[in-house]
Amino acid sequence: MTDLLRLENLSVHLLANHSSIPVLQDINFSVKEGEILAVVGESGCGKSLTSLALTRLLPEKVFSYHSGKILFQNKNVLEFSETELYSLRGGEIAYIFQDPFTSLNPIKKIKDQIIEPYIIHISPNKKEAIEKAESLLAKVGITDIKDRMEAYPGQMSGGILQRISIAMSLMCNPKLLVADEPTSALDVTIQSQLVDLLMEIRRENKMSILFISHDIGLVSSISDRIIIMYAGQIVESGTVDSVMDTPLHPYTTALLGAIPTIGDFSHKRLDSIPGIVPAPIDFPKGCHFHARCTKAMDICKTKNPLITGRESQSVRCFLYEGEQTKNA
Amino acid sequence: MIFLNPTTRRRLAKFQKNRRAYYSFLFILATYIISLFAPFIANDTPLLIKYKGSFYFPMLSFHSERVFGGNQDTEPNYKKLRKTENFSESSQNYIVFPVISYGYNENHLDDFTENEFPPTAPDGKHMLGTDDRGRDVFTRMFYGYRISMTFSIILIFFEVIIGVVIGGMQGYFAGYVDLTVQRLIEILSSIPFLFMILIMGSFFGRSFMILLITYAFFAWIGISYYMRGEFYKLRNAQFVEAAKAFGIPSHKIIFRHILPNAMTPLVTFLPFSLIGSISILSALDFLGYGIPAPNPSWGELIGQGRERLSAWWLIGFPSFALFSIIQLTSFVGEGLRDAFDAKEKNSLK
Amino acid sequence: MLEIQNLSTHFHINSTKLFQKLTLKAVENVSFTVASNRVVGLVGESGCGKSTLGKTILGLTKSTEGKVLYEDKNLLTLSNREFLPYRKNLQIIFQDPYSSLNPRMTIFEILTEGLLHHKNISSSEARFLSIAMLEKVGMKSDILERYPHEFSGGQRQRIAIARTLILEPKFIVCDEVSSALDVSNQAQVINLLNDFKSSMGLSLLFISHDLKIVSYISDEIAIMYLGKIVEYGTKSEILNSPHHPYTFALFSSVYDIHNRKKKRYVVKGEIPGVVNKPKGCYFHTRCPIAKDICKTVDPPLKNMSDTHKVYCHFPGEIG
């Protein structure tokens with residue numbers, strides 16, 4: 001299977017005053033066709049930035065793509081022209097965001113918004129677009145479609161709006177869906193519905209999904225592969241089973257230990273990580289996690305570890321260095 | 001407590017960095033303080049007289065002409081005094097005048113030649129010319145500045161107190177209190193301001209105090225709107241709920257929790273309130289309904305100029321001064337607004 | 001220790017039609033008990049009224065009906081002044097650490113405001129107590145003169161906890177205290193609450209939408225749906241043998257990192273609005289086993305055991 005999307009050594013800097021501060025460092029991952037890749041981390045780790053960087057949605061005056069490549073179907077997005085970028089966004093790579101009330105335009109009818117991607121990317125035929133929209137709305141489980149099309153976002157609940165967002169993102173048959181915390185603002189039972197829906201769509205359309213979330217339980221249940229991010233770097237990645245069952249990085253272990261398990265009556269203490277996530281301006285020298293790591297060694301304070309490991313699981317940590325050759 | 005707050009310190013530092021605003025503020029402050037000392041800077045009464053070995057301070061105490069060898073019981077004309085025999089006979093006698101030896105009410109008609117009629121154009125003796133009574137324009141502007149700024153500052157003081165109390169009550173207690181007071185405010189604000197000034201003026205006679213009281217009667221309304229909004233917003237803040245959960249009584253909540261957080265729009269509102277009152281006061285003086293003659297004011301000078309359009313200095317200089325003060329104050333206002341800007345974080349998250 | 005009987009909180013809201021008064025029944029006829037040194041977890045989705053319930057118990061929101069009995073007194077009949085001495089014992093911690101601390105007060109002032117109000121102690125004694133409290137929540141004592149904005153969400157929440165615990169309360173309503181925090185901070189806060197529960201003999205009403213955390217910390221769990229309690233029982237009763245279809249669906253939808261492939265029951269339909277609630281059993285519009293009677297008749301209380309209550313016409317059939 002070929003890589004649909006591959007990031008090679010991507011670094012993104014924040015331009016502030018007269019200096020540039022790295023916010024994403026050395027990001028390497030790939031998404032194959034039909035695969036669900038989860039990007040997991042706490043706030044401030046850079047997962048949202050990564051998702052926006054894919055189609056160069058980060059504001060140009062503020063962020064610079066310092067080094068590396070973003071290869072979509074083997075073409076480097078960083079070298080795309082304006083027209084190529086516009087056709088990429090919404091066309092082949094579609095997004096859904098966390099809060100449907102702000103990611104949809106509150107003063108436009110659903111009908112007018114949902115046909116927009118189709119009109120821009122596929123064909124200006126409004127009738128065709130509306131037909132496709134209605135069929136997609138049916139597929140995502142919306143009832144009273146005609147009424148919904150004429151309504152405004154403010155008149156509906158979050159769950160329904162998020163389904164509409166999903167339908168809208170599917171209008172142009174994207175190859176990759178980037179979902180940034182799509183269910184975090186929803187109730188638990190509605191969340192289950194949406195997740196099931198995404199899985200079904202993935203199956204039918206053979207679409208890849210980049211699923212960003214802070215909810216490790218959720219993503220580990222639906223993803224094929226998972227990436228753990230901390231302070232702008234990927235600290236561990238691999239198949240879900242490997243990472244969840246045998247976490248290597250101390251951060252991953254601590255993160256998993258901080259989540260209580262339902263049905264565990266042992267009352268064992270939850271793992272908590274002392275300290276706070278560093279802001280980009282305070283990224284430490286050496287390993288970004290060393291100040292909070294229970295297993296930190298001297299070398300961790302001065303040098304940044306490289307990624308080592310296999311396809312099925314790789315980690316950025318001095319505890320494992322020297323085991324395998326570096327994995328690109 | 002409020003002033004040492006690092007948030008406040010940061011805002012003040014930001015204000016200082018805005019050079020245009022900061023220097024405008026310093027300029028206005030400096031000129032106002034100087035103008036407070038106006039009687040010692042521009043006056044036709046001397047600071048000090050040495051006569052026949054003794055020192056006299058005519059500004060502080062009254063000395064009649066007789067003291068200096070005259071034959072009247074009134075205060076002498078100090079300028080003429082210098083030239084009298086008693087004085088000039090000894091070089092030991094001297095008179096020290098302030099830097100600008102003109103009074104704001106002193107007419108210089110005696111200094112004019114045969115063909116000169118007031119108002120006279122600016123020349124060596126009178127930098128900005130004289131007005132229609134022959135009084136020095138610069139001196140009148142100088143005193144006028146003091147009067148209008150003082151008026152505005154006292155006005156602000158009162159309007160803030162009244163506006164904060166009333167607006168705060170409306171916002172905090174809401175319900176019927178809010179509705180009732182709001183209706184009263186609406187009635188009050190529909191009373192035409194200019195007519196009230198005229199009526200009060202004709203009833204009680206025009207004076208600084210009457211003007212101040214009448215103006216203050218209406219000026220607090222604007223601030224109360226701001227405060228009402230802020231209090232409304234803050235009474236639902238979670239830290240207020242937390243304080244209630246601790247059993248903290250209402251009055252303590254208002255003063256300790258809500259008020260310090262509500263002050264922000266007030267600070268940014270003040271310079272514009274200042275501009276408003278200076279402008280309105282000048283307009284009233286221009287029409288003749290403001291501070292009564294012979295008190296000096298810029299509006300009055302411009303009013304004189306209206307009738308003698310050839311005397312451009314009567315319109316030009318006060319207008320320019322008015323424009324400058326308003327412009328500088330608005331710079332200060334903008335600077336404060338930027339410094340207190342809610343978007344204080346420079347990170348993107 | 002704290003007994004809630006038939007508590008209801010209704011709000012009057014404006015309707016779009018003239019002269020029509022709408023009543024929003026946020027909490028309807030809720031009854032349960034919080035015993036000494038026990039944690040009662042309260043779970044539910046949007047519109048279930050759990051936050052409103054927490055605030056009503058403490059008198060922060062006006063109740064419409066019902067009683068809250070504490071030490072044999074009905075707290076809801078007390079005036080503000082009479083309630084004052086009870087405030088020390090009955091506390092609340094809020095969800096948002098960014099707005100529950102007054103940005104213009106120092107940490108010292110925040111910690112000691114309630115303390116100085118309830119106890120007649122000197123400022124230096126208060127300082128001593130606040131330093132001790134800060135250390136217990138894992139924060140350094142040199143922060144007393146700092147301001148809230150200098151701290152992260154997790155740190156602020158710990159300060160908020162310290163502020164409450166310094167009064168040595170007996171009962172605390174924890175209103176979504178961990179929801180605004182990251183996973184590692186959540187764990188820290190939960191650990192703290194657990195520790196204090198043991199060391200100070202506290203009772204907690206732990207309100208949250210996060211089922212994993214509620215299951216971890218609670219001794220008893222109450223499940224609410226659209227203002228009513230649908231099931232109540234001990235932790236093991238609820239987790240091992242849920243009897244209400246909604247409870248079943250709710251806990252089934254939790255994603256477990258160690259049980260990733262578990263079979264999940266996904267309930268259909270949207271959560272009805274709180275204003276126009278369905279007739280009969282509120283859950284019937286989404287319930288897989290709803291029968292005709294559920295659409296018209298309020299579900300009755302059925303006691304599965306001394307501690308296990310369900311409000312359902314057909315409890316246990318979903319299994």
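Predicted model: local features only at pLDDT ≥ 70, side-chain atom pairs only at ≥ 80, totals over all residues.
A residue counts as buried here if 20 or more other C-beta atoms lie within 10 Å of its own. By that criterion eight of the ten residues of helix α12 of chain B, which spans residues 298-307, are buried, so this helix is largely enclosed by the rest of the structure.

**The enclosed helix α12 of chain B**

- The buried residues of α12(B) are B:W298, B:G299, B:E300, B:L301, B:I302, B:G303, B:Q304 and B:G305.

**Helix α2 of chain B and its two partners**

- Helix α2 of chain B (residues 19-36) packs against helix α13 of chain B (residues 312-339) at an angle of about 130°, with the two axes 8 Å apart.
- Angles of 65 to 115 degrees count as roughly perpendicular and those over 145 as roughly antiparallel, and α2(B) and α13(B) are therefore oblique to each other, while their crossing is left-handed.
- On the α2(B) side of this contact stand B:R20, B:A21, B:Y22, B:S24, B:F25, B:F27 and B:I28, and they meet B:I325, B:L328, B:T329, B:F331, B:V332, B:E334 and B:G335 of α13(B).
- By class, the residues of the contact between α2(B) and α13(B) comprise nine nonpolar, three polar and two charged.
- With helix α6 of chain B (residues 137-173), α2(B) packs at an angle of about 105° and with an axis separation of 9 Å, and the two helices are therefore roughly perpendicular to each other.
- In this second pairing B:Y32, B:S35 and B:L36 of α2(B) meet B:F142, B:Y145, B:R146 and B:M149 of α6(B), and the contact is made up of five nonpolar residues, one polar and one charged.

**Overall build of chain A**

- Chain A has 13 helices and twelve strands, and its radius of gyration of 21 Å is close to the 20 Å that the globule rule gives for 328 residues, so chain A is as compact as a globular protein of that length.
- Along the principal axes, the C-alpha atoms of chain A fill a box of roughly 65 × 55 × 40 Å.
- Buried residues account for 49% of the 328 residues of chain A, and of the contacts in chain A with a sequence separation of 6 or more, 63% are between residues 24 or more positions apart.

**Overall build of chain C**

- Chain C has ten helices and twelve strands, and its radius of gyration of 21 Å agrees with the value near 20 Å that a compact globule of 319 residues would have.
- The C-alpha atoms of chain C fill a box of roughly 65 × 55 × 40 Å, taken along the principal axes.
- Of the 319 residues in chain C, 47% are buried, and 64% of the contacts between residues at least 6 apart in sequence join residues at least 24 apart.

**Buried sites in chain A**

- A:L170 lies in helix α8 of chain A (residues 158-170) and is buried, with 21 other C-beta atoms within 10 Å.
- Leaving aside residues up to four places away in sequence, A:L170 touches A:L136 and A:I201, and its C-alpha atom is 9.5 Å from that of A:N205, a residue 35 residues apart from A:L170 in sequence.
- Helix α12 of chain A (residues 250-257) is mostly covered, since six of its eight residues are buried, namely A:P250, A:Y251, A:T252, A:A254, A:L255 and A:L256.
- The buried residues of α12(A) pack against α10 (216-222), β9 (225-230), β10 (233-239) and α11 (240-245) of chain A, together with α6 of chain C.

**The contact between chains C and A**

- This contact takes 35 residues from chain C and 36 residues from chain A.
- On the chain C side, α6 (183-200), α7 (211-217), α8 (235-240) and α9 (245-252) each supply at least two residues, and the largest share, seven residues, comes from α6(C).
- The side of chain C that touches chain A consists of 16 nonpolar, twelve polar and seven charged residues.

How values were computed:
Residues numbered from 1 in each chain as written. Chains lettered and ligands numbered in written order. Axes fitted to C-alpha atoms, helices over the stretch in contact; angles between N-to-C directions. Helix = DSSP H or I, 4+ residues; strand = E, 2+ residues; numbered from the N terminus. Parallel < 35°, antiparallel > 145°, perpendicular 65-115°, else oblique. Left-handed = near helix turned anticlockwise from the far one by under 90°. Contact = placed C-beta atoms within 7 Å. Nonpolar A, V, L, I, M, F, W, Y, C, P; charged D, E, K, R; others polar. Rg over C-alpha atoms; globule rule 2.2 N^0.38 Å. Buried ≥ 20, exposed ≤ 12 C-beta atoms within 10 Å, placed from the backbone.
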